[in-house]
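Here is a short report on local features of one model. It covers ring contacts, a hairpin and some backbone angles.

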Amino acid sequence: QVQLLESGGGSVQSGGSLRLSCAVSGYVASPEYMCWFRQAPGNEREGVAVIGRSGETRYADSVKGRFAISQDNGRNTLYMQLNSLKPADTAMYYCATQRSPGTYYKIGGLGTWFGYWGQGTQVTVFS
């Protein structure tokens with residue numbers, strides 16, 4: 001059974017930083033892509049960053065140059081470093097992994113299906 005568990009959210013002042021983590025378990029073979037999404041109240045879920053098995057990354061334009069997605073060598077933990085945070089970054093952040101059937105998302109020009117989700121970790125940025 002695949003399980004994803006996020007941690008690392010919190011409240012920070014504008015311009016601050018946070019590091020999110022996602023513990024990934026239950027895979028026999030790791031998925032091709034793992035991703036971070038976010039959703040603010042009243043908004044649709046937005047793909048923020050995606051990383052492939054070989055380490056290639058793609059980002060949404062809204063976070064490019066400020067956020068960095070990474071993974072450990074065993075792909076058991078997914079990370080995202082959030083720098084230069086803005087109030088507009090306030091949202092619940094979710095990690096997700098590839099699954100078909102699932103929901104199709106396109107992030108930074110890369111489209112694929114995601115179907116395993118964590119419970120989310122809240123990021124709040126105040127000015």
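## Aromatic pairs

Rings of Phe, Tyr and Trp (its six-membered ring) pair if their centres lie within 6.5 Å; planes under 30 degrees apart count as stacked, over 60 as edge-to-face and the rest as tilted. By this rule the model has 6 aromatic pairs. One of them joins Tyr 27 and Tyr 116, edge-to-face, at 6.0 Å centre to centre with 80° between the planes. Tyr 27 sits in the loop between β3 (18-25) and β4 (33-39), and Tyr 116 in strand β10 (residues 110-117), so this pair ties together parts 89 residues apart in sequence. Tyr 27 is partly exposed at 25% relative accessibility. Tyr 116 is also partly exposed, at 24%. Buried means under 20% relative accessible area, exposed over 50%, partly exposed in between (1.4 Å probe, protein chains only).

Ring pairs also link a cluster: Phe 37, Tyr 105, Phe 114 and Trp 117.

## Model and conventions

This is a predicted model: local features need pLDDT of at least 70, side-chain atom pairs count only at pLDDT 80 or more, and totals for chains, interfaces and linings use all residues. Residues are numbered from 1 along each chain as its sequence is written, and side-chain values use heavy atoms, leaving out hydrogens and water.

Helices (H or I, at least four residues) and strands (E, at least two) are DSSP runs, numbered from the N terminus.

## Charges over rings

A charge sits over a ring if NZ of Lys or CZ of Arg is within 6 Å of the ring centre and within 35 degrees of the ring normal. Arg 19 lies over the face of Tyr 79, 4.3 Å from the ring centre. Arg 45 lies over the face of Tyr 94, at 4.6 Å.

Strands β7 and β8 (residues 77-82) run antiparallel, joined by 5 bridges. Two strands pair if DSSP finds at least two bridges between them. Strand β7 (residues 67-71) has a covered face of Phe 67, Ile 69 and Gln 71. Ala 68 and Ser 70 form its uncovered face. Ala 68 has Gln 81 as its bridge partner in β8.

The hairpin has 5 residues between the strands. Which residue there takes a positive phi near 55°? Arg 75 does, although it is not a glycine. Arg 75 is buried, with a relative accessible area of 6%.

## Other backbone features

Ser 84, in the loop between β8 and β9, has a positive phi of about 50° and is not a glycine. Ser 84 is partly exposed at 41% relative accessibility.

The peptide bond from Ser 100 to Pro 101 is cis, with omega near 5°. Pro 101 lies in strand β9 (residues 91-107).
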